[in-house]
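Here are some notes to be read alongside the coordinates.

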Amino acid sequence: MNKDAEAYSDFDGTGFADRLRTRGIRRLFIGGLATDYCVLYTARDALKLGFEVFLLTDAIRAVDVNPGDGERAIDELQRLGSRLITVDQLAPAPARENALWTDLYQLTMLQGYHDHGMNATAVFEFFVRELPAGRNFLVAAGLDLVLNFLETLRFTPADRAWMRRSGFFHDAFIDSLVDFRFSGEVHALPEGTVFFPDEPVLSVTAPLAEAQLVETRIINLLQHSILVASKAARMVLQTPDKKLIDFGCRRAHGSEAGLLAARASYLAGFAGTATVQAGALWGVPVFGTMAHSFVLAHDSETDAFRNFARSQPGNVVLLIDTFDTERGADKVVALAPKLAEEGLSIRGVRLDSGDLADHAFKVRAILDAGGLKNTAIFASGDLDEYALARFKALNAPIDGFGVGTRLTTSADAPYLNCAYKLQEYDGRARRKTSEGKATWPGKKQVIRHYDGDGRLLEDRVELACESPGGKGLLQPFMRAGKRLAPPPRLADLREHTRREIERLPETLRSLESAPPHPVTFSPALRELAENLDREARQRS
């Protein structure tokens with residue numbers, strides 16, 4: 001490399017491409033000056049060299065010697081394949097997924113496919129067989145996590161070394177995994193979309209081995225996110241004017257479950273989470289005050305309240321039930337004028353035990369009488385949608401809620417009767433007819449109909465070939481193993497979820513079981529299933 005040479009492109013005689021490739025870097029985010037010179041030439045060369053290029057549109061600027069040069073440069077780079085994003089859409093790179101995060105039978109099947117030359121195109125679909133008891137709808141969630149998984153899936157040397165030691169696999173198969181990558185397509189319901197049983201939520205089209213291997217992790221990611229998002233949506237429906245915060249990480253079934261629950265609940269309408277990592281990764285607003293241990297570590301409640309207020313002047317929410325809730329409220333009222341002299345105001349108090357509604361009424365009266373009418377009351381402790389509905393019926397003066405265990409574990413419905421099944425292979429539809437577990441064959445689409453008020457009326461599941469032109473709910477998100485667009489902002493997904501919930505009929509919004517939403521199946525799909533059943537009977 002000639003350090004004295006001048007060039008517009010970072011790749012011009014620098015060896016930069018080789019250095020990037022040796023570090024496994026395939027995706028470039030480009031910003032700087034100037035759009036119509038260095039940015040243009042660098043991005044153009046990167047695309048020619050096979051890198052995936054994202055232009056940071058709010059981190060570039062043109063010289064515009066000729067008016068419009070910058071816009072023309074961006075247009076050219078878009079035509080060549082660059083994608084446009086902004087800096088606030090950037091997030092830490094997803095951790096590379098471990099290919100061994102799967103069931104053994106996925107790998108034993110892969111070796112069988114390898115040995116017998118079976119790797120034609122397959123279509124698998126993820127769907128839910130039935131709603132959990134008491135639920136009237138589900139909310140799609142977790143798609144972005146699945147796309148991250150598919151993009152980063154690799155067999156590392158350590159993975160392959162374990163496979164050799166395990167004794168299950170022969171060398172030829174293990175060696176074939178060195179360059180394993182997901183190269184397929186993904187169609188799915190956008191996150192936040194309401195859905196119902198037997199509707200495809202996600203469809204994977206890929207060579208058989210690739211589509212098969214990803215089953216375990218796809219179910220793992222989607223099931224948990226859907227459960228939490230759906231339960232969170234039910235809670236939001238009960239308290240649309242209250243602030244709901246996820247408090248559940250400590251009670252989650254593992255750290256990943258707690259983290260993903262924070263994302264799913266925020267997508268469904270929660271105001272934020274106590275889980276700090278969710279803020280770092282996805283920009284989910286984080287909330288937190290103090291624990292009882294902070295109070296107990298001090299010689300008095302008042303000392304604890306004062307010290308916390310001085311340490312967190314913009315976040316003075318005080319936990320007042322360590323000893324006696326109402327006496328705690330009295331101490332807050334007594335302390336407030338002294339803090340005000342220091343320029344500190346008490347934003348709220350938190351209740352975490354006992355009869356929360358009863359305490360809330362009493363504490364509200366104490367605060368109001370003490371001149372703290374603007375101090376909010378926040379409550380937590382074993383809450384779910386049914387408890388929130390009771391508070392609403394009582395008109396309890398509670399401004400916000402921290403919801404933990406019963407949200408993060410989806411306590412009343414901790415699992416989904418869901419599946420990821422082969423629906424087509426090598427150009428032919430496939431159908432499972434096991435008792436109680438029959439599947440609808442072929443690659444499918446969902447068509448949704450609305451009434452005159454824009455509320456859900458009915459859904460129809462049909463073969464994808466019946467609805468060309470992208471009219472259905474399932475949209476393309478990945479092709480040739482690459483995303484078709486940058487990940488959407490969580491704020492946009494939240495808005496989509498809000499609109500979806502608004503379109504639910506009143507009966508489906510209820511906490512009581514309602515008549516099921518109508519889901520029908522097209523005549524062509526029924527005919528295909530009948531033909532496959534007839535062929536199966538003839539073979540047997």
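1. A cavity, as the word is used in this note, is a set of grid points where a 1.4 Å probe fits but cannot get out, and a residue counts as lining when it has an atom within 4 Å of such a point. The model is a predicted one, and the structure holds two cavities of 30 Å³ or more. The largest cavity, with a volume of about 60 Å³, is lined by Glu-125, Phe-127, Asp-198, Glu-199, Pro-200, Gln-423, Ala-438, Thr-439, Trp-440 and Lys-444. By class this lining comprises four nonpolar, two polar and four charged residues.

2. The second largest cavity has a volume of about 50 Å³, and its lining is made up of Ala-140, Ala-141, Gly-142, Leu-143, Ala-188, Leu-189, Glu-191, Val-201, Leu-202 and Leu-222. Here the classes are eight nonpolar, one polar and one charged, to be set beside the four nonpolar, two polar and four charged residues that line the largest cavity.

3. Among the open spaces, the second largest pocket has a volume of about 560 Å³. Its lining consists of 22 residues, and those that lie nearest its centre are Phe-247, Arg-250, Arg-350, Asp-352 and Ser-380. Two elements, strand β14 (400-403) and helix α17 (405-408), are the ones that give two or more residues to this lining. Sorted by class, the lining of the second largest pocket has eight nonpolar, eight polar and six charged residues.

4. As for the overall build, the protein contains 20 helices and 21 strands, and its C-alpha trace spans about 75 × 75 × 60 Å along the principal axes. Of its 540 residues, 49% count as buried. When contacts between residues at least 6 apart in sequence are considered, 76% of them join residues at least 24 apart.

5. The contact brings Lys-231, Arg-234, Met-235, Leu-237 and Gln-238 of α9 against Glu-385, Tyr-386, Leu-388, Ala-389 and Lys-392 of α16. The residues of this contact divide into five nonpolar, one polar and four charged.

6. Helix α9 also holds Thr-216, which counts as buried because its relative accessibility is 18%, below the cut-off of 20%. Apart from neighbours within four places in sequence, Thr-216 is in contact with Trp-101, Thr-102, Asp-103 and Gln-106. Thr-216 and Asp-103 are 113 residues apart in sequence, yet their C-alpha atoms are 6.5 Å apart in space.

7. Is Thr-275 buried or exposed? At 9% relative accessibility, Thr-275 counts as buried, and its place is in the loop between β10 (272-273) and α11 (276-282). Leaving out residues up to four places away in sequence, Thr-275 touches Asp-246, Cys-249, Gly-258, Leu-259, Ala-262 and Val-286.

8. Most residues other than glycine have a negative phi, and most peptide bonds are trans. In this model the peptide bond from Leu-33 to Ala-34 is cis, with omega near -5 degrees. Ala-34 is found in the loop between β1 (27-33) and α2 (35-48).

9. Where do the residues with a positive phi of about 55 degrees or near that value lie? Asp-382, whose phi is near 55 degrees although it is a residue other than glycine, lies in the loop between β13 (376-380) and α16. Asp-382 counts as exposed because its relative accessibility is 54%. Ala-480, which is not a glycine either, has a positive phi of about 55 degrees, and Ala-480 lies in the loop between β19 (475-479) and β20 (482-483). With a relative accessible area of 55%, Ala-480 is exposed.

Terms used: Residues numbered from 1 in each chain as written. Predicted model: local features only at pLDDT ≥ 70, side-chain atom pairs only at ≥ 80, totals over all residues. Heavy atoms only, no water. Contact = heavy atoms within 4.5 Å. Helix = DSSP H or I, 4+ residues; strand = E, 2+ residues; numbered from the N terminus. Nonpolar A, V, L, I, M, F, W, Y, C, P; charged D, E, K, R; others polar. 1 Å grid on protein atoms, 1.4 Å probe; cavity = no way out; pocket = protein on both sides within 12 Å on 5 of 7 lines; lining within 4 Å. Points joined across faces, edges and corners; volume = space filled by probe spheres on them. Buried < 20%, exposed > 50% of the residue type's maximum accessible area, 1.4 Å probe, protein only.
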